[in-house]
Amino acid sequence: MDLGISGKCALVCAASRGLGRGCAEALAAEGVDLVINARGAEALEATAEAIRAAHGVQVRTVAADITTEDGRAAVLAACAQIDILVTNAGGPPPGLWSDWERADFIAALDANMLTPIALMKALLPGMIARGWGRVVNITSGSVKAPIPQLGLSNSARAGLTGYVAGTARQVAGKGVIINNLLPGIHDTDRAASLDAAKAKAEGVSVPEARAGREASIPAGRYGTAAEFGAACAFLCSQHAGFIVGQNLLLDGGAINATL
Ligand code: NAP
């Protein structure tokens, strides 16, 4: 299927590895030029070079912390025209409900709620003026079903989801489509660190911890960044113009719900 987005330009945040990189690669495969971001310059450059070589698209890089005002300013300064925005950042640390103080919540809100909102506020006006745009926010399955040890993530992502629900409906009539992608467990560095934390907490090996987590997924495995990226590219496509303000769960069936 031709997604009809060749020649568009996308900003993909937090994209040197993992799910962000999966989204960047899938968009590049459709002929989309990219601005990609992460904090570590070396890995970011290596990813950019791999994408240029594989897909022949333009890839600009901005090494910056997207959760800071300065970082966002640097990223936005590199963006002449952005048609597609994929928001992403690292997830908050795990813990217990009683662990977190105000500063921990503010940091989580900054990273996983207020950063995507700030990026949308910066880029939606241009999309609206041109009559076309796509936004995909990478959130989490924790929006549908809480992950008890990720209370900071549960809280911040719920706030973003509420903002998107209203905003998506305010801009859809201008040709700008906003949706959220909700990852369940995917095979990335983030999943590996959560495997390691589980192994430590339960006194088992990391492969045993992973096997236990895989067994909790009806598909019997972790998702891949490539699968995730393909779903993102579709939501950024010409064909997604009637999919407004939705929360698409990619979790191998892990959340046991009818809807
Ligand atoms: P990952 O493999 O750890 O990759 C994170 C990427 O984001 C890296 O490129 C990292 O590069 C970049 N990054 C992190 N913090 C950043 C920041 N402040 N500014 C700019 N770039 C930043 O993580 P992932 O598994 O792809 O997860 C992506 C998001 O999905 C996270 O929010 C995570 O909580 C969520 N999620 C993931 C899963 C899963 O199973 N993988 C499940 C549910 C939700 P640098 O470190 O160099 O900045």
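Student: Which helix is Ser193 found in?
Tutor: Ser193 is found in helix 6. Helices here are DSSP runs of H or I with at least four residues, strands are E runs of at least two, and both are numbered from the N terminus. This is a predicted model, where local features need pLDDT of at least 70, side-chain atom pairs count only at pLDDT 80 or more, and totals for chains, interfaces and linings use all residues. Residues are numbered from 1 along each chain as its sequence is written, and side-chain values use heavy atoms, with hydrogens and water left out.

Student: Ser193: what is its relative accessible area?
Tutor: The value is 41%, so Ser193 is partly exposed. Buried means under 20% relative accessible area, exposed means over 50%, and partly exposed is in between (1.4 Å probe, protein chains only).

Student: Switching to the ligand. Which residues come nearest?
Tutor: Ser16, Leu19, Arg39, Ala89 and Thr188, out of 29 residues around the ligand. To count as near, a residue needs a heavy atom within 4 Å.

Student: What polar atoms face the ligand oxygens?
Tutor: A polar side-chain atom of Thr188 lies 2.4 Å from a ligand oxygen. A backbone N or O atom of Gly91 is 3.4 Å from an oxygen atom of the ligand. For Asp189, a polar backbone atom is 3.5 Å from a ligand oxygen. A polar contact is a pair of N or O atoms within 3.5 Å; within protein, one must be able to donate a hydrogen and the other to accept it, and residues adjacent in sequence count only if both atoms are side-chain atoms.

Student: How much of the ligand does the protein cover?
Tutor: The protein covers 90% of the 880 Å² of accessible area that the ligand has on its own. Areas come from the Shrake-Rupley method with a 1.4 Å probe; for residues, only the protein chains shown count as cover.

Student: Which elements give two or more residues to that shell?
Tutor: Helix 1 (18–29), strand 2 (33–38) and helix 6 (189–202).

Student: New topic. Where is Asn180, and is it buried or exposed?
Tutor: Asn180 is found in strand 6, residues 176–183. Asn180 counts as buried because its relative accessibility is 0%.

Student: What do the buried residues of helix 8 pack against?
Tutor: Helix 1, strand 4 (84–87), strand 5 (133–138), strand 6 and strand 7 (247–250). Helix 8 covers residues 225–235, and its buried residues include Phe228, Cys232 and Leu235.

Student: Zooming out, how many helices and strands are there?
Tutor: The protein has eight helices and seven strands. Buried residues make up 44% of its 259 residues.

Student: What about the radius of gyration?
Tutor: The protein has 18 Å, which agrees with the value near 18 Å for a compact globule of 259 residues. The radius is taken over C-alpha atoms, and the globule rule is 2.2 Å times the number of residues to the power 0.38.

Conventions
Contact means heavy atoms within 4.5 Å.
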